[in-house]
Amino acid sequence: MRRTKANRALTFVMAAALLIGSIHGVGAKEQSKAYDAPELTLTQGVTDYDLTEGITYDSEKYTLSVTDTGNFDINVAGDYEISYALTEKESSVSETESVENTESADIIESTETVSGTETIETTDAMATVEDTDQTPEGDAANTVDTQEKQVITFTRTVHVVAASEDEVPMYEARELVLVQGEEGYDMTDEILYDDVKYTLTVGDLGGFDINKIGSYEVTYSLTPVATQETQGNGQDDTQDNQVITFQRTVTVKEAVEENGEFEVPELYLEQGQEDYDLAAGLVYDENKYKLNIKDDGNFDIMLSGEYKVTFVLNPLEENPDSENNTGDADTSDPDQTEDTFVIPEGITTFTRKVIVSPSLVRSAGLLDDLDTWPDESLLTEDYIEINFKVGVSITPGKTITVRAGQTITVSNDTLSGGTNTLFNVEDGGHLTLNNVTITGNTVGDQGAVCVQNGALLDLGYNDKSPSITPQISGNTKDGNARNLVVADGARVRLNAKPANPIGISHTADMNANTPKEVMHGGRYAIAGDQGSNTNNETAITADRSDCVISYAYDKLILNLSKKQVLIWDPVSYCHDNSTGAPGVLWENTTTSFQSAGAEVKEYRGTNKSNPMTLVAAGETEESVGKYDLIYIRAPYIDLTEDDKAILLNYLSHGGRIFIQAEDSHPYWIEGNGAKNSFTEMNAKASELAVALGAQFTVNQSLGMALQESGRDCRVLFGTAQTTTGTGLTAGMNTWSLAAASPINVPSGATGVEVLMSTQTYRWVGTPGFATLPQEQGIKAWCVDQAAGNLNGVKWGRLTVSTDANMWAVSSFQGSQLENARIFAGNLLTNSRKNRISAAAGVNPNATVTNEQAQINTTKYQTISQALAKVKMNETVELLAASGLTPASNELLYNTSSIKEMNGNTVHADSNGTNIDVSDTGAVTLRSGEVTVSNTGANTRKLTVDGYVLTSGTDYTVKAVDTNNNTTLGGAT
């Protein structure tokens, strides 16, 4: 076939296009073989590296560049995809090529269209070759020019591997994210570096503003720390001595929670802090808004924890009054400071997290929201707070022992199902039980909770609110109640009114012991009747059914329910003188006390040569403590030293001893064949009284007349000499006395009370009574007096009577059984009251109680009692400068004070302020912070950390050594 000229021209153009395309394709393949891009491995943290390292290519034809680092960070180990480009140089651009073919049909027939861009895969990288064809113009065009630059792009993997121990990276700078308006931030957070070799400083902040949301590029420098090796040795240009400068991104995000609430910076307060403002540091336009608290989130400054407080900005009405606004600043200077935060425009409701930190003594060992019994490995801290999960009943495990120097606080929910003692507080340990129920546990002798000698148990918080007493009931040993068990010398403080039952036992056997203090008022004043010793805290009861809880002086006393009497007749005096058979006196004395509601225990010997002693009867100093009264009839024998020790110890606990003497009428001595000599008996009775700290003698020359015509033998009561009794004789009516002898009490004897008296006569004839001369006046024949010797102080009572017939039915006087029963009851009631007072630490013989401290107008027996009661802004005033009962490691409630007689005042400035007070009133600071003040130029004095500080001006001091010993009395 013959082609026309036009056809030949078209064919040429197509052939040229095919030829050019073929040249480009072959060229690309050849060029891809001209470079090699193997993977690169670098070591984390190196400072000298090249991302183009290892790439080979024709540098005469191409320029190599990095186009994308893929967020490469030499300080972060990982794999990075790095992008590169090879750009053709000017000198290597293809020359214009001409191709002419007017007749070659073979070429025309083999022409194919080839793309102007071809991608070629290589082994180590991905390369793309690009060019642009220029289309010829005109019909007759027979040449094609190619002037474009060729660009080859590819990627390769760069590995950053962790440094070995010898190649520790210089630093690792992670992105820092802060919250708008955040306080206390650190621009160097999230940067890891060797602070031994380098010093990190912040350089250019890049416009950073904590109050503006955004991202900031902040510049930092790591400067080598100069050492002897790097100074002056020519190494300053080495890598290890170069200043490293780098940047990282710091982002400030909006202070908005996921729930859409706007949150302002947190507020930190201290537990018990008095001066605080929940809106402290918040700045807003007080001319437009009033700031109110919408929801305080049950905030309680006395209870540590986190609270969410919601505020609202309410628009002001006309004539705004900013005095009632909560905000503490205006917006005249909108710039933020460390202590302020400007509420953004348009925000009217926002929240704030308020954190109340615990006091210093409660800052460690927090076990919160526990749903199981804690393992002992978690209980090693000195201060531990255990908060059990609300709504979960916990099965107790191994006994938690509160050791010396340890404080454990336990709160929330029910502890039930245990098989042993839950808490054992040892000497020097301190346990607080708040709002926790302890019930349904099977326990041992120590009960569910045991408080040993020298230990302290707080029922309810003593140092913060809300104080809620625990329930401790329904715990048993062998089916018998055994709940809270208290030992001698233990302290159990009641800090709130008990709403739930608490059962109490004592470690001692109450069948052989004195009344025992088991609880005293802490921040709460125990309800009770001092006159009747009635405990009005009905929720607090004795575990034993034969025991009762009594009240005295803000304390609860455990005692046997039924009054106890011991009748001791050493030589069986109360037997008939002629026949030796038991006499009516023996029987009626016992009957009188039994009729008064007492249980009576009787000991009697055989005769003077075979007497009965207390020791021989099996009694001890402890065992006689159960008796409210010990009645000794006709003590014909000398008191043994062992028996004397038993009786003196009994008196030191407020007990009463009744000595029964007799009259000294010569008729009974010399006539009627008397088997026993009353004169000898009365002498022994007087000796016994002296041995027990009391004194009396029986007058042998005077006597009360028998009932005869014309003689007045009526019994008179008290010093007023009335015919109806008062005090110990209340309810008794006069009767005619048979025979008795006057009791002489030496001059100067203290604490003597005349109970009964009558007219006396002088004995002159024997064996009858007809020769009695004229009356000799009214004399006492029954008296009560202070006795005992506890460090030189008389705590007990001794009663003596010289007429045993007062207990019996006699032909001389008629029936006196009712008077005897009443007298016995009065003696027992008074004696038990005295013993309860003594158990509470108050001498029942003190006519004026020796209070040592007062708060306002309320006085307290000891400093410790007052410190346990003082509240915020109150002052404990000491009432003496010597002879005080020392207080050890007692809490001085935050904002309260203690004031000595000389005006020296110590004021608690923080929670956890514990002090000692010596017998002179000198104060030692154990922990916390105080201010010491006085009036005028008087000395301000305090012992702290082993030093006695004195000054003429007020000062504030904080303790460091919590084990500092108490200031000794008179220390300077």
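1. Let's start with the largest pocket: 35 residues line it, and Glu517, Lys555, Ala840, Gly841 and Thr862 are the ones nearest its centre. Strand S38 (516-521), helix H7 (817-839) and helix H8 (863-869) are the elements that each give two or more residues to this lining. Helices (H or I, at least four residues) and strands (E, at least two) are DSSP runs, numbered from the N terminus. A pocket here is an open set of points on a 1 Å grid over the protein atoms alone, with protein on both sides within 12 Å along at least five of seven lines; a cavity is a set where a 1.4 Å probe fits but cannot get out, and lining residues have an atom within 4 Å of a point.

2. A word on the source: this is a predicted model, where local features need pLDDT of at least 70 and side-chain atom pairs count only at pLDDT 80 or more, while totals for chains, interfaces and linings use all residues. Residues are numbered from 1 along each chain as its sequence is written, and side-chain values use heavy atoms, with hydrogens and water left out.

3. Back to the largest pocket, whose volume is about 1000 Å³. Its lining comprises twelve nonpolar, 16 polar and seven charged residues. Ala, Val, Leu, Ile, Met, Phe, Trp, Tyr, Cys and Pro count as nonpolar, Asp, Glu, Lys and Arg as charged, and the others, Gly among them, as polar. A volume is the space filled by probe spheres set on grid points, joined across faces, edges and corners.

4. There are also four cavities of 30 Å³ or more.

5. For the overall picture, the protein has eight helices and 66 strands. Of its 972 residues, 47% are buried (under 20% relative accessible area; exposed is over 50%, partly exposed in between; 1.4 Å probe, protein chains only).

6. Asparagine 71, at about 60°, sits in the loop between strands S2 (62-68) and S3 (78-88) and is exposed at 71% relative accessibility. Glutamine 721, at about 55°, belongs to the loop between strands S50 (716-717) and S51 (743-744) and is partly exposed at 38%.

7. Proline 466 falls in the loop between strands S31 (456-459) and S32 (471-472).
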